[in-house]
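Dear colleague,

Please find the structure below, followed by a short account of what was found in it.

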Amino acid sequence: MVKQDRHASDFFLIGFLLTQAAIPLHLLINYGDGFRLIALEFSPNLYRIFELAYWLDAPLLLWYTRTLVYKDYKWSRIDWLFLAPAVIYSLSMIATFYSLEPVTKYLEMRDYDTEEASIWRHSSGFIRESLRVVFSIMCLIDIRHCRQQIRNRYSNVDNIDLGWLNFLVIAFLIVRTWSVLVSAALILSAHADINIDFSSMGLIGNYITFILVSALIFFSLMKSSLFEGV
């Protein structure tokens, strides 16, 4: 009873991978010394638009997980609530940044410094990373529930492989927990005069994320046909 219709899971996987491409672009535009000025000359709007991916990748991973482990998974009203943080972020950026004059945006981005950003910006990042942890935990709960349902319904579970997805979700959970620590380190360094090398911490997290995304692509292509939706 292998799940045949994988269009929904493919859609969410593509969306998730696009966010994983957008996040490094955001980091490169905002913090890359050479690329920063090039992006600024092209358009100051680039400095905030790709940050939206941070608010979308966690719900997309959750929906991807659910479309794999639950047969004929359908959106419910609560699924729309998962997009609320991304909507709130978008509205706040429109009100505080994209409504500014082009020259004002140019000057703000030219002189922008991570450590000198407002406590609101830093707190927003901390909340964002914490929400990503919550979504990862929700993924693990769904996988555990699926495993339990499979054990209760089928005597032969040799061909049902949930281990790879469980491993990847746990790995993403660890990385996102690390990102929470990076955000906390940034807040302490910028607003509590506690010297913490948050830049190196963030760089380590980026490398690990790259490895995990590569693993996700590989296992999604090679293993997902083994899933048996509940």
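What span should the 29 residues of helix 9 have at 1.5 Å a residue, and how far apart are its end C-alpha atoms? The expected span (1.5 Å times one less than the number of residues) is 42 Å, and the end C-alpha atoms of helix 9 are 42 Å apart, which agrees. Helices here are DSSP runs of H or I with at least four residues, numbered from the N terminus.

This is a predicted model, in which local features need pLDDT of at least 70 and side-chain atom pairs count only at pLDDT 80 or more, while totals for chains, interfaces and linings use all residues. Residues are numbered from 1 along each chain as its sequence is written, and side-chain values use heavy atoms, with hydrogens and water left out.

Helix 4 (residues 52-69) and helix 9 (residues 163-191) have axes, lines fitted to C-alpha atoms over the stretch in contact, that come within 12 Å and cross at roughly 165°. The two helices are therefore roughly antiparallel (an angle over 145 degrees) to each other. In contact (heavy atoms within 4.5 Å), D57, A58, L61, Y64, T65, L68 and V69 of helix 4 meet W164, L165, V169, F172 and R176 of helix 9.

S183 also lies in helix 9. At 10% relative accessibility, S183 counts as buried, that is, under 20% relative accessible area with a 1.4 Å probe and protein chains only. Leaving aside residues up to four places away in sequence, S183 touches G125, F126 and E129. Just after helix 9, D193 has a positive phi of about 55°.

Yours sincerely

Notes
Axes are lines fitted to C-alpha atoms, for helices over the stretch in contact, and angles run from 0 to 180 degrees between N-to-C directions. Angles under 35 degrees count as roughly parallel, over 145 as roughly antiparallel, 65 to 115 as roughly perpendicular and the rest as oblique. Buried means under 20% relative accessible area, exposed over 50%, partly exposed in between (1.4 Å probe, protein chains only).
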